[in-house]
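Grab your viewer and work through them in order.

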Amino acid sequence: MAFQAKHAQGQVIAAPTLAELAAKIGIDPVALAKTIDTYNTFVDQGKDLQFGRDGLSTHYGALARIDTAPFYAYPSKSVIVATYCGVSVDPQMRVRDVFGAIIPNLYAAGEVIGGLHGRAYMTGSSLGKASIFGRLAGRSAVGAVARNAAVSA
Amino acid sequence: MSAAAIPEEVDVLVIGGGLAGHCAALEAGRLGARTLLIEKEAKIGGATILSGGSFAFAGTPLQASLGIDDSGERLFADLRRVGGYENDEAIVRTYVERQLEAYELLAVLGATFERVFVASGQSVPRAHSRNAKEVLDIVAGHAHRTGYVETRLCTAARRLLRDEADGAVTGATVEMGGRSATVRARSGVVLATGGFSRNEQLLGLFAPGQAGAQRMGGPGNTGDGLLMAWQLGAGFRDMAYIKGTFGNHPSAGPEDHFLLFPIYAGAIAVNSEAKRFVDESLSYKLIGDACLKQPGCIGYQVFDQPIFERGRPGIPSMDFQADLDAGRVITAATLDALAAKLGLDAAQLARTVERYNGFARRGQDDDFGRDGLCNHYGSLVTIETAPFYAFTSRSVVLATYCGLTVDESTRVKDVYGAAIPNLFAAGGVIGGFHGKAYMTGTANGKATIFGRIAARTALKR
């Protein structure tokens, strides 16, 4: 969310008018003006009739008009930043085989596990799950050490 | 020992009683190896007997007698292109090198072919057609007559067994009628369990985008072999290319075969807005993807009397008359009346057909680039002579066309590429042959060819 820094690096592009912004990024200025106009109408009505956007992020925050110069653009592509899927584990982070059986003494945590995210990702849950499930995996392994020691003794 | 008791030890254990399993069993039996074939269902056949009975062979005497110029090299080029060059060149090459031998073997056994037609992915007519159940029964009969092959129905494999020291597969635990048993296989296990088009969990895992497609397959096509090999660390291939096949009638159930391809005789495909949405000469799998993006995931193949007359009686997927008799092909005296019957906008359908007819006359489709009836083969024809016909079509996941990584000798490879000793796979359970898309006739073709190779590899012959 460091817009200023990205602007300083030249990645966020700025222009005093929408038309000049369109020219700088190489898109049709008339279409851009129309798109912004339509969107601003939706903001005023409090209802996005085109895509149903009802907040800034996941229903949170009120929509805001885009009408005050200067204008900015950030060229964006899609990038696979992580895979958010992987091996099946139980809540103790014990890895399960394809038939659901526990693979003895094998634990997994963090990005290598599947099952937390499902179809989509919530920001912060990667680091969260690394912290939470890393600890759980450690505890499970220690538990196994203790159990193994008890068996040996 | 009663006749129904399951042998405790054999040379080769074949899991799955479709065409691949039976070709493996036949070959093993001919080589004098004691072979047990187990089938989970109450009858043999699997996905084979649901298939259209096409075998993709190239350069056959039948093609030559019909003046069709085909060759192994042409088949190889088509297979690689259809597969988007994502298929395994060595496996494709093996199919090409061994396909005439398979054709000749089937002929010697009595499974001769009298019809050949052009179908999806083929640049010349090479779909050799015959009732698939007849072919299967012929192969199964010969397998049993070797005297070395036993079959057990209602017998499911549950887990593969492995030697702890060297990792070699030594057999499987099986279950019949609620009882468990262990079968040891001295020379190895052949997985011929087919695909997983009847396993919603696996489809959800590998092909969530196909949720809008129908499912078809033998009731046993639940991916048992894939799962058992997965447990041993087998690799997968082509999983991302699971696609439905366009051309299935919405009334079809999971074990019905209501596929019809008037598009490959000249029909167009329109969506529920009566607009074309795809180059209809593409692989029916690519059209399937396009269909899933249309409203309601539904399309309509629209054609006229001369195209109707191009139907091929006796070839299920091209027998327009049979589907007319069954009430699945709809007919009307005018395009307007046809649109009314289908619930389509008549004015839009008229515009769509008129525009397409212009393309057909010029030989150039400005909208979708269709340049032939099927895979660049055949000239476009107009749709203008009454009566008119339509076949309502959805996309159906017929088979999964992906699966275990194998080498060209059918050895199953683990995720790092190392062979899992004494584990072999053939037919619908393997990946790597099709790549991105499927050519008609190659499922039966690869079942025959690689089933035989699996037995030979297991027996080191």
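**Exercise 1.** Find how many cavities of 30 Å³ or more the structure holds, and say what lines the largest.

*Solution.* On a 1 Å grid over the protein atoms alone, a cavity is a set of points where a 1.4 Å probe fits but cannot get out. Next, the lining (residues with an atom within 4 Å of a point): B:Tyr241, B:Lys285, B:Tyr401, B:His434, B:Gly435, B:Lys436, B:Ala437 and B:Tyr438. Sort them by class and you get four nonpolar, two polar and two charged.

This is a predicted model, where local features need pLDDT of at least 70, side-chain atom pairs count only at pLDDT 80 or more, and totals for chains, interfaces and linings use all residues. Residues are numbered from 1 along each chain as its sequence is written, chains are lettered from A and ligands numbered from 1 in the order written, and side-chain values use heavy atoms, leaving out hydrogens and water.

**Exercise 2.** Work out how α11(B) and α12(B) are oriented to each other.

*Solution.* Start with the geometry: α11 (residues 335-342) and α12 (residues 346-362) of chain B pack at about 125°, axes 9 Å apart. Angles under 35 degrees are roughly parallel, over 145 roughly antiparallel, 65 to 115 roughly perpendicular and the rest oblique, so α11(B) and α12(B) are oblique. Now the contact (heavy atoms within 4.5 Å): B:Leu335, B:Asp336 and B:Ala339 of α11(B) meet B:Ala346, B:Leu349 and B:Val353 of α12(B).

Note on methods:
1 Å grid on protein atoms, 1.4 Å probe; cavity = no way out; pocket = protein on both sides within 12 Å on 5 of 7 lines; lining within 4 Å. Points joined across faces, edges and corners; volume = space filled by probe spheres on them. Nonpolar A, V, L, I, M, F, W, Y, C, P; charged D, E, K, R; others polar. Axes fitted to C-alpha atoms, helices over the stretch in contact; angles between N-to-C directions. Helix = DSSP H or I, 4+ residues; strand = E, 2+ residues; numbered from the N terminus.
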